[in-house]
Amino acid sequence: QVQFVESGGGSVQPGGSLRLSCAASGSIFSIVAMGWYRQVPGNQRELVAGITRGGSTNYADSVKGRFTISRDNAKNMVYLQMNSLKSEDTARYYCNFHSAYVRLGSWGQGTQVTVSA
């Protein structure tokens, strides 16, 4: 039922920055923990950042200190600011409910992030 639309990806050089946006449908958004996930072809989709309904955040060790997740409940939006990007960050990025708190919804199309020299 809920739909997620990701945007903001692109191609950048190592050390560059991008900000991803996620527009989510549904009136329950403001009370649901959200997360950003990423997936490399052939690999498991992994949670890289999460944010609770109250604004508490958590990050995968691989992105901690470089990525910042935020949300605007009034606008049904979730953001991921990515700084100091590395080649290892190359992946397709998706937003969804935070799997540690809520059952996952349907996946959107995601947005591609490519970091290379």
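Trainee: How many disulfides does a search of the whole structure find?

Mentor: A disulfide is a covalent bond between the sulfur atoms of two cysteines. In this structure, which is a predicted model, a search of the whole structure finds 1 disulfide. Cys22 and Cys95 form the link, with their sulfur atoms 1.7 Å apart.

Trainee: Which parts of the chain does the pair link?

Mentor: The pair links distant parts of the chain, with Cys22 in strand E3 (residues 18-24) and Cys95 in strand E9, 73 residues apart.

Trainee: What is the handedness of the link of Cys22 and Cys95? Are Cys22 and Cys95 buried or exposed?

Mentor: The link is right-handed, with 60 degrees about the S-S bond. Both cysteines, Cys22 and Cys95, are buried.

Trainee: How many aromatic pairs does a search of the whole structure find?

Mentor: An aromatic pair is read from the distance between ring centres and the angle between planes, where over 60 degrees counts as edge-to-face. The search finds 3 aromatic pairs. One of them joins Phe4 and Phe97, in an edge-to-face arrangement with 5.4 Å centre to centre and 80 degrees between the planes. Because Phe4 belongs to strand E1 (residues 4-7) and Phe97 to strand E9 (residues 91-97), the pair ties together parts that are 93 residues apart in sequence. Phe4 and Phe97 are both buried.

Trainee: What are the values for Tyr37 and Trp107?

Mentor: Tyr37 and Trp107 form an aromatic pair that is edge-to-face, at 5.1 Å centre to centre and 85 degrees between the planes. This pair also links distant parts of the chain: Tyr37 is in strand E4 (residues 34-39), while Trp107 is in the loop between E9 and strand E10 (111-115), 70 residues apart.

Trainee: Is Tyr37 buried or exposed, and what is the relative accessible area of Trp107?

Mentor: Tyr37 counts as buried because its relative accessibility is 4%, under the 20% cut-off. Trp107, with a relative accessible area of 31%, is partly exposed.

Trainee: Which residues form an aromatic cluster, and which residue lies over the face of Trp107?

Mentor: Tyr37, Tyr94 and Trp107 form one aromatic cluster. A charge over a ring is read from the position of the charged group relative to the ring centre and the ring normal. Here Arg45 lies over the face of Trp107, at 3.9 Å from the ring centre. Arg19 lies over the face of Tyr79, at 4.9 Å from the ring centre.

Trainee: How many helices and strands does the chain have, and how does its radius of gyration compare with the globule rule?

Mentor: The chain has 0 helices and 10 strands. Its radius of gyration is 13 Å, close to the 13 Å that the globule rule gives for 117 residues, so the chain is as compact as a globular protein of that length. Along its principal axes, the C-alpha trace spans about 40 × 25 × 25 Å. Of the 117 residues, 44% count as buried. Among contacts between residues at least 6 apart in sequence, 55% join residues at least 24 apart.

Trainee: Where is the place of Ala33, and with which residues is Ala33 in contact?

Mentor: Ala33 is in the loop between E3 and E4. At 6% relative accessibility, Ala33 counts as buried. Leaving aside neighbours within four places in sequence, the contacts of Ala33 include Ile51, Arg71, Phe97 and Tyr101. By contrast, the C-alpha atoms of Ala33 and Gly9, 24 residues apart along the chain, are separated by 22 Å.

Note on methods:
Residues are numbered from 1 along each chain as its sequence is written. This is a predicted model: local features need pLDDT of at least 70, side-chain atom pairs count only at pLDDT 80 or more; totals for chains, interfaces and linings use all residues. Side-chain values use heavy atoms; hydrogens and water are left out. Rings of Phe, Tyr and Trp (its six-membered ring) pair if their centres lie within 6.5 Å; planes under 30 degrees apart count as stacked, over 60 as edge-to-face and the rest as tilted. Helices (H or I, at least four residues) and strands (E, at least two) are DSSP runs, numbered from the N terminus. Buried means under 20% relative accessible area, exposed over 50%, partly exposed in between (1.4 Å probe, protein chains only). A charge sits over a ring if NZ of Lys or CZ of Arg is within 6 Å of the ring centre and within 35 degrees of the ring normal. A disulfide is a pair of cysteine sulfur atoms within 2.5 Å. The radius of gyration is taken over C-alpha atoms; the globule rule is 2.2 Å times the number of residues to the power 0.38. Contact means heavy atoms within 4.5 Å.
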